[in-house]
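Subject: Structure for you to look at

Hi,

Here is the structure I said I would pass on. Could you open it and follow along with the notes below?

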Amino acid sequence: MKDSLVTDDMQNIVGKVMRESVSHPVSTSDIRKWAISVYYPEEPPRLFWDEEYAATTTHGGIVAPEEFNPFAWSTQKPSLDEPKVSGTAFSERELGIEPPKYKAILLSEIRENYSDVRIRPGDVIRATHRITNYFEREGRMGHMLYTTLSNEWHNQSEQWIRTTESVFIRY
Amino acid sequence: MVIRNTQDLNIGDELPTFIRKGTVEHWNRFAAVNDEFAPHHWDYDVAKNEGFDAPFAMAPLQMSFFNALLRTWMGEQGRIISLSAKLKSPFFKEQTLVVTGRVTELQILETETYIDIELMQADTDNKTVAIGTAQVALAN
């Protein structure tokens with residue numbers, strides 16, 4: 001195997017909070033658009049777009065699909081006018097560490113755990129990101145660095161919403 | 001088909017398939033809501049430079065397809081507890097993705113039944129694109 005791409009500096013940030021993001025209040029329109037885009041070209045379930053119908057369900061109103069992302073485009077924290085440290089899903093630069101050079105970054109595995117608390121219009125979601133693991137393998141694309149990113153979400157009432165572990169490959 | 005009664009469930013039950021073609025019209029919509037514009041999803045040259053034959057779908061969209069498969073089968077009463085997926089090969093543009101699921105375990109509790117499901121995505125050539133597992137809960 002080639003020399004490791006994981007430096008001591010990179011090992012030292014494993015488990016540390018890399019970023020905290022706070023969403024804008026989720027709007028019904030955000031939820032509708034997400035559902036329409038996922039189910040396209042078919043009509044999404046009414047629970048995600050029809051307020052009158054959703055009010056008659058056990059949910060009592062519109063809720064977001066489990067995988068809905070309230071952090072797209074813009075967040076309260078970091079705000080749009082703060083300099084972007086990373087143009088990709090994450091970067092060690094967010095903790096002041098120089099990442100290894102790579103030509104591609106891909107998502108290879110996702111592990112989701114959901115609570116029974118759903119995201120609703122008006123919710124403000126806080127996400128805490130950490131790198132939790134590095135490992136390396138030789139693969140079809142050569143020497144590949146795998147990085148596990150953990151992302152834990154809570155709502156404005158500090159209720160846990162979901163935890164996502166994403167494994168990224170860089171080569 | 002939506003499951004109406006957990007007593008009707010059996011190990012080996014197949015979930016109704018969820019099928020989508022990899023079209024620009026679909027992927028653009030998802031890119032717009034997820035702010036996801038990595039060039040390898042639409043630019044052939046970038047995809048080729050990264051070692052792929054063609055642009056390929058966004059992983060979060062593929063995860064959404066697994067979620068949608070489960071929701072369509074469970075109906076609104078069900079809840080997804082966990083969902084894991086490994087992306088084995090890309091879902092290339094213009095391919096058709098067939099998303100399937102099969103019940104592998106039933107755990108009947110006092111008020112709910114926990115259901116383990118094996119998941120798969122395959123392309124037009126029946127090549128495995130993603131595999132996964134999920135656990136969902138339905139009220140008894």
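Below are my notes on strands, backbone and aromatic rings.

A word on conventions. This is a predicted model, where local features need pLDDT of at least 70 and side-chain atom pairs count only at pLDDT 80 or more, while totals for chains, interfaces and linings use all residues. Residues are numbered from 1 along each chain as its sequence is written, chains are lettered from A and ligands numbered from 1 in the order in which they are written, and side-chain values use heavy atoms, with hydrogens and water left out.

**Strands**

Let's start with strand E2 of chain A, residues 105-114. (Helices, H or I with at least four residues, and strands, E with at least two, are DSSP runs numbered from the N terminus.) Seven of the 10 residues in E2(A) are buried, so call the strand mostly covered; buried means under 20% relative accessible area, exposed over 50%, and partly exposed in between, with a 1.4 Å probe and protein chains only.

What does E2(A) pair with? Within chain A, nine bridges join E2(A) to E5 (residues 160-170), and the two run antiparallel. (Two strands pair if DSSP finds at least two bridges between them.) In that pairing A:Ile105 stands opposite A:Arg170. E2(A) also pairs with a strand of chain B, namely E2 (residues 79-87), again in the antiparallel sense, over five bridges. There, A:Arg111 has B:Ser84 as its bridge partner. As a reminder when you look at the side chains, they alternate between the two faces of the sheet in a regular strand.

Over in chain B, E3 (residues 96-108) is antiparallel to E1 (residues 18-21), with four bridges between them. B:Lys21 faces B:Thr96 of E3(B) there. E3(B) also pairs with E4 (residues 112-122) in the antiparallel sense, this time over 10 bridges, and B:Val98 has B:Ala122 of E4(B) as its bridge partner. E3(B) and E4(B) make a hairpin with three residues between them.

**Backbone details**

There are a couple of cis peptide bonds to check in chain A. One runs from A:Tyr40 to A:Pro41, with omega near 5 degrees, and A:Pro41 is in the loop between H2 and H3 of chain A. Another joins A:Lys77 and A:Pro78, with omega about -5 degrees; A:Pro78 lies in the loop between H3 and E2 of chain A.

Positive phi in residues other than glycine turns up too. A:Trp73, in the loop between H3 and E2 of chain A, has phi near 75 degrees, and A:Trp73 is exposed at a relative accessible area of 52%. B:Asp35 has phi near 50 degrees and is in the loop between helix H1 (24-34) and helix H2 (44-49) of chain B. At 30% relative accessibility, B:Asp35 is partly exposed.

One more loop residue is A:Arg46, between helix H2 (28-39) and helix H3 (51-55) of chain A. A:Arg46 is partly exposed at 37%, and its C-alpha is 8.6 Å from that of A:Ile62, 16 residues away in sequence.

**Aromatic rings**

How many aromatic pairs are there over all chains? The count is 10, where rings of Phe, Tyr and Trp (its six-membered ring) pair if their centres lie within 6.5 Å, with planes under 30 degrees apart counted as stacked, over 60 as edge-to-face and the rest as tilted. One of them is A:Trp34 with A:Phe68: the centres are 5.7 Å apart and the planes at 80 degrees, so this is edge-to-face. The pair links distant parts of the chain, as A:Trp34 is in helix H2 and A:Phe68 is in the loop between H3 and E2, 34 residues apart. A:Trp34 is buried at 2%, and A:Phe68 is buried at 2%.

A:Tyr39 and B:Phe18 are also edge-to-face, because their planes sit at 80 degrees, with centres 6.2 Å apart. This pair crosses between chains, from helix H2 of chain A to strand E1 of chain B. A:Tyr39 is buried at 4%, as is B:Phe18 at 7%. Ring pairs also link A:Trp34, A:Phe68 and B:Phe30 into a cluster.

Finally, B:Phe18 has the charged end of B:Arg20 over its ring, 4.1 Å from the centre. (The rule is NZ of Lys or CZ of Arg within 6 Å of the ring centre and within 35 degrees of the ring normal.) In chain A, the charged end of A:Arg137 sits over the ring of A:Tyr146, 5.1 Å from its centre.

Cheers
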